[in-house]
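Please read it alongside the sequence and the coordinates.

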Amino acid sequence: MKARLILGLAAGAGLGILYAFLLAPLVVVVLASLSGGEVLAFPPTGFSLKWFAKFFGHESFRNALWLSLQVAVTSTVVVAVVATMAALFQRGLSRNLAGPFRTLLLMPLLMPEILTAIGLLFFLYQIGLGNTYLGLQIGHVVITLPFAFLSITSALDQVDPALEEASASLGAGYGRTTLKVMLPLIKPGIITGGLFTFIVSFDMFAMSFLLKTVGGNTLPLALFDYLKYDFDPTAAAAATVSILFALAVVALVEKLVGLRRAF
Amino acid sequence: MTARPWRLAILGAPALFLLVVFFVLPYGEIVMMSFRTPSSSAPYGDGVTLANYARMFADGHYLGILAETVAVGASITAICLLISFPIALHLSNVGDRWHTLFYACVVSPLLVGVLVRNFGWMIILSFNGPINQILLALGLIDRPVRLLFTVEVVVLALVHVFIPFMVLPITTALRNIPPSLYEASRSLGAGRFATFWRVTLPLSFPGVQSGVILVFVLAISAYVTPVLLGGQFVVLMPTVIVQQLIAAFAWPFGAVLAMILTLSTLTCVLVFAFATRGLARRAAIGRTP
């Protein structure tokens with residue numbers, strides 16, 4: 001009995017260490033950004049919000065944050081619409097066409113982002129969109145499309161076909177059924193997919209790095225540039241801002257859909 | 001209820017257009033680019049040549065980097081598997097009340113960019129960071145040591161980044177094992193260890209297989225972590241490719257390196273899938289009721 005207790009405690013401690021390992025870098029970044037001291041150190045000395053003031057006062061960080069928000073919001077809107085249409089399309093396809101279509105849509109998730117970015121770098125240059133905002137935006141949409149598509153199709157799979165039939169037998173056509181019955185039913189999937197799109201786009205690195213416009217940094221790129229020369233809590237504040245966005249997304253999913261249904 | 005074909009086509013058109021034009025064609029462009037002639041005035045020239053491939057194979061330097069990249073990717077995958085299995089085991093057994101919390105612990109790092117997570121390690125491992133302080137306090141070292149910019153740190157940080165990708169498929173596989181098999185194993189006299197070894201482990205293999213493939217592919221193509229935490233001391237394939245493309249503007253040669261990396265990754269994945277096909281088949285048989 002005693003041996004079993006010790007074994008249980010050891011297993012618990014081991015698991016505790018593993019979970020701590022998962023969360024440690026995030027906790028350290030947040031705490032370091034609240035430091036009252038002058039250097040980036042952990043544990044931080046004192047408490048202040050001055051590094052956040054410095055972050056928002058830093059012009060290149062401010063511009064980068066603005067560009068990131070712009071790209072991420074545009075991706076979210078475009079991807080939510082395109083992925084919803086694609087999910088409805090897949091539902092209407094016969095079984096032997098739906099499979100290949102789904103595989104094609106999920107490909108950007110299965111291929112390494114850096115390779116997709118390299119292909120787009122070559123291709124966009126040839127069609128005259130090299131290093132343009134539009135090119136960057138297209139790259140973000142291609143990478144995030146599968147995330148939204150996955151969550152919308154899984155919502156769509158749970159819709160009872162009887163509801164569609166009921167709508168049809170009451171005289172509604174395909175368009176009306178889709179708008180009045182299907183869309184409200186899959187709204188949670190669209191919201192979750194949209195929020196994931198936002199955060200994946202907001203954090204995207206490799207794609208932005210290869211396709212960025214001249215002088216147009218997104219927040220991850222600005223942080224990367226900053227870390228090359230400086231190592232102070234302003235960088236921690238920049239990183240904390242993006243952690244806060246992730247937390248906001250999780251909170252929104254929980255509030256609007258419920259985390260349990262989202263995963 | 002089905003839509004009229006043209007209506008359905010309108011629904012599918014935007015996604016198909018986006019993926020064919022901005023995903024399929026660009027990959028074709030990598031292949032094309034690898035056969036183009038280099039140029040000193042533009043990213044690439046007009047001619048067609050095999051010289052880029054010849055240059056790559058003639059120069060042992062790039063093959064060496066490729067071998068190192070594959071080795072680093074394999075060790076990241078192995079360590080990731082060792083760490084992720086216990087987490088997945090816990091996650092698949094934990095009661096409903098706590099499930100969301102632990103699940104969030106595993107998934108939440110995914111929602112934070114790779115760069116931010118790497119930066120956390122930079123703070124922890126920096127010259128006056130907590131690890132150096134602890135080592136100093138314990139008297140194991142007498143002045144701070146350089147921990148960053150080593151291949152070990154790159155491996156550590158990438159293992160951290162990829163754990164969720166390993167945990168999630170294994171958890172799914174473990175949850176799919178019918179509880180009746182555990183009961184059968186116990187009633188036939190097997191202890192906890194024997195049950196784990198002969199039931200849990202073999203039946204979790206489909207999850208392990210997809211986790212291993214996923215993490216290996218991601219690890220081989222990771223760019224930002226080796227650059228940030230390895231600096232000039234850790235040179236892996238993605239770094240070299242990006243250097244060729246961005247700094248040297250040698251697009252055809254960069255494309256050749258990207259092709260070689262892709263083909264080697266594909267070969268490794270196929271060899272792994274082929275070598276473990278017996279295990280996968282066994283798990284499939286065990287699953288049929």
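**Notes on the two-chain model**

1. The crossing between helix 4 of chain A and helix 1 of chain B is left-handed, meaning that the near helix is turned anticlockwise from the far one by less than a right angle (clockwise would be right-handed). The contact involves A:Leu104, A:Leu105, A:Met107 and A:Pro108 from helix 4 of chain A, together with B:Ala15, B:Leu19 and B:Phe23 from helix 1 of chain B. By class, these residues are seven nonpolar, no polar and no charged. Here Ala, Val, Leu, Ile, Met, Phe, Trp, Tyr, Cys and Pro count as nonpolar, Asp, Glu, Lys and Arg as charged, and the others, Gly among them, as polar.

2. This is a predicted model, in which local features need pLDDT of at least 70 and side-chain atom pairs count only at pLDDT 80 or more, while totals for chains, interfaces and linings use all residues. Residues are numbered from 1 along each chain as its sequence is written, and chains are lettered from A and ligands numbered from 1 in the order in which they are written.

3. The axes of helix 4 (residues 95–110) of chain A and helix 1 (residues 5–33) of chain B come within 10 Å and cross at roughly 45 degrees. Axes are lines fitted to C-alpha atoms, for helices over the stretch in contact, and angles run from 0 to 180 degrees between N-to-C directions. Helix 4 of chain A and helix 1 of chain B are therefore oblique to each other; angles under 35 degrees count as roughly parallel, over 145 as roughly antiparallel, 65 to 115 as roughly perpendicular and the rest as oblique.

4. Across the interface, 64 residues of chain A are in contact with 60 residues of chain B, a contact being a pair of residues whose C-beta atoms, placed from the backbone, lie within 7 Å. Helix 1 of chain B supplies the largest share of the chain B side, with 16 residues. That side has 45 nonpolar, twelve polar and three charged residues.

5. Chain A has twelve helices and zero strands; both are DSSP runs, helices being H or I of at least four residues and strands E of at least two, numbered from the N terminus. Its C-alpha atoms fill a box of roughly 70 × 70 × 30 Å along the principal axes. Of the 263 residues in chain A, 46% are buried. A residue is buried if 20 or more other C-beta atoms lie within 10 Å of its own, exposed if 12 or fewer, and partly exposed in between, with C-beta atoms placed from the backbone.

6. In helix 5 of chain B, twelve of the twelve residues are buried, including B:Arg117, B:Asn118 and B:Trp121.

7. A:Asn131, in the loop between helix 5 (113–126) and helix 6 (133–157) of chain A, has phi near 50 degrees, a positive value in a residue other than glycine. B:Phe249, in the loop between helix 12 (237–247) and helix 13 (251–275) of chain B, has phi near 55 degrees, likewise positive in a residue other than glycine. With 15 C-beta neighbours inside 10 Å, B:Phe249 counts as partly exposed.

Note on methods: Two residues are in contact if their C-beta atoms, placed from the backbone, lie within 7 Å.
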